[in-house]
Amino acid sequence: MEVILMPEVIEVGDVAAKRGELKKGIIKGVELVNNVSIDIPVLVMNGVKEGPTLLLMSTQHGIEIQGIEVIRRVMREEVRPEGLRGAIIGIPVGNPLAFMHHQYLSWIDNLDVGRVRADNPRGNTTERLAHALWTEAWSKADLIVNLHCNTRPDSLIYQWINVGNPKTREKLEKMAEAFGVTTIVSDTPVAEDAPPTLGNLAARKGIPVLLAELIDGRWISEPSTSAGVRGVLNIMKVFDMIDGEPEPQRGFPIVPGVNRFYGIIRANRGGLIRFFKKPGEFIKQGEVLAEIYDLYGDVIEEVRMPVDGYVWAYPCGQSLGTSGSLQAVQTGANIAYAFTHEKD
Ligand SMILES: [Zn+2]
């Protein structure tokens, strides 16, 4: 078995955790016009024995808070340093500039800390946060779980893995099997000229990143938090960081096997919208999954499924990657994320 040699002291930001310690502190972030520093809180648990370093990060998007609770439960209740082989770095809020204004992106520049370049200490405001995350945390990890959420409580809990990079493929498949929810698989290698985002830098360095999408992202609630905690502990079990057998996920629908993202279904008309199919429910090609109606009550568009498959969420009216607005759409708005089932 692969033995990963760890330093005696794990340093992240201003935290230095010795063997057997759980410490909290900050990764230095950015300074506002009034000299207030917007930093990134971090927890570091250093186990008593050798093992991998697992990074758990939540709230890359500021309105997706369930992962904060997942990290709290894993690091403050479920795992103790005495029972840990390896280390856990917990970042409850990956983008404090988004979270502090209850919005998806950084309020200062409307950027996504996970989509900007993370290799430039002299970059713009959100790029500097990304750079801090990369140098202090992401680059020090052997395994990463990036916890996101769709907003509506009826969305489907799922995970996304990109198995297109030979250096991370095997570990990612092992992580996904352990986490145990509906899996969307893509296999696009990171291109040579792909921007140096957190995810792309990790892939190039051979660090597997599992993206977990919980649901009901604005409210700490079930089944998201238990699914997240169970999934993270399962990963820790199969990578021999803690004792125990992985527990199967339960309490919400799972589409097993390999699934592929099909595309975003968009509105062709504007108005209010109602939905007829549940995320995770099989929908035949051509079936009406939603309809858009105008303010007089007349139906002006029937939205049909473009392929035999499923949807994982109805992001509704917002044009960014996640919902957060009203049950209303404009032309071009994202209505649904569709996926197809490939094999069991
Ligand atoms: Zn997100």
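In this predicted model, helix α4 covers residues 166-179. At 1.5 Å a residue, its 14 residues should span 20 Å, and the end C-alpha atoms are 20 Å apart, which agrees. Directly after α4, Gly180 has a positive phi of about 85°.

The buried residues of α4 are Thr168, Lys171, Leu172, Met175, Ala176, Ala178 and Phe179. An α-helix has 3.6 residues a turn, so residues three or four places apart point the same way. The partners against which the buried residues of α4 pack include strands β7 (143-149), β8 (158-162) and β10 (209-214). Helices α5 (198-205) and α6 (224-238) are also among these partners, as is strand β9.

The protein is divided into two domains, domain 1 (9-238) and domain 2 (260-343). Their centres, taken over C-alpha atoms, are separated by 29 Å. Where the domains meet, 13 residues of domain 1 are in contact with 13 residues of domain 2. On the domain 1 side, strand β9 (residues 182-186) gives the most, with 3 residues. By class, that side of domain 1 has 6 nonpolar, 5 polar and 2 charged residues.

The largest nonpolar core has 102 residues. Both domain 1 (9-238) and domain 2 (260-343) give residues to this core, so it lies between them. Val42, Val44, Leu56, Ile89, Leu133 and Ala137 have the most contacts inside the core. For Leu56, leaving aside neighbours within four places in sequence, the contacts are Ile71, Val74, Ile88, Gly90, Val145, Leu147 and Val232. In soluble globular proteins, nonpolar side chains tend to be buried together.

An open sheet of 4 strands runs in the order β14-β13-β12-β16, with antiparallel pairing. The edge strands are β14 and β16, each with a single partner strand, so one side of each is left without a neighbour in the sheet. Strands β12 and β13 pair in the antiparallel sense over 4 bridges. Within this part of the sheet, Arg274 stands opposite Glu291 in β13. Strands of a sheet pair through backbone hydrogen bonds, either parallel or antiparallel.

| β14 | residues 299-304 |

Terms used. Residues are numbered from 1 along each chain as its sequence is written. This is a predicted model: local features need pLDDT of at least 70, side-chain atom pairs count only at pLDDT 80 or more; totals for chains, interfaces and linings use all residues. A nonpolar core is a set of buried Ala, Val, Leu, Ile, Met, Phe, Trp, Tyr and Cys residues joined through C-beta atoms within 7 Å. A residue is buried if 20 or more other C-beta atoms lie within 10 Å of its own, exposed if 12 or fewer, and partly exposed in between; C-beta atoms are placed from the backbone. Domain bounds come from an automatic or database domain assignment. Two residues are in contact if their C-beta atoms, placed from the backbone, lie within 7 Å. Helices (H or I, at least four residues) and strands (E, at least two) are DSSP runs, numbered from the N terminus. Ala, Val, Leu, Ile, Met, Phe, Trp, Tyr, Cys and Pro count as nonpolar, Asp, Glu, Lys and Arg as charged, and the others, Gly among them, as polar. The expected span of a helix is 1.5 Å times one less than its number of residues. Two strands pair if DSSP finds at least two bridges between them.
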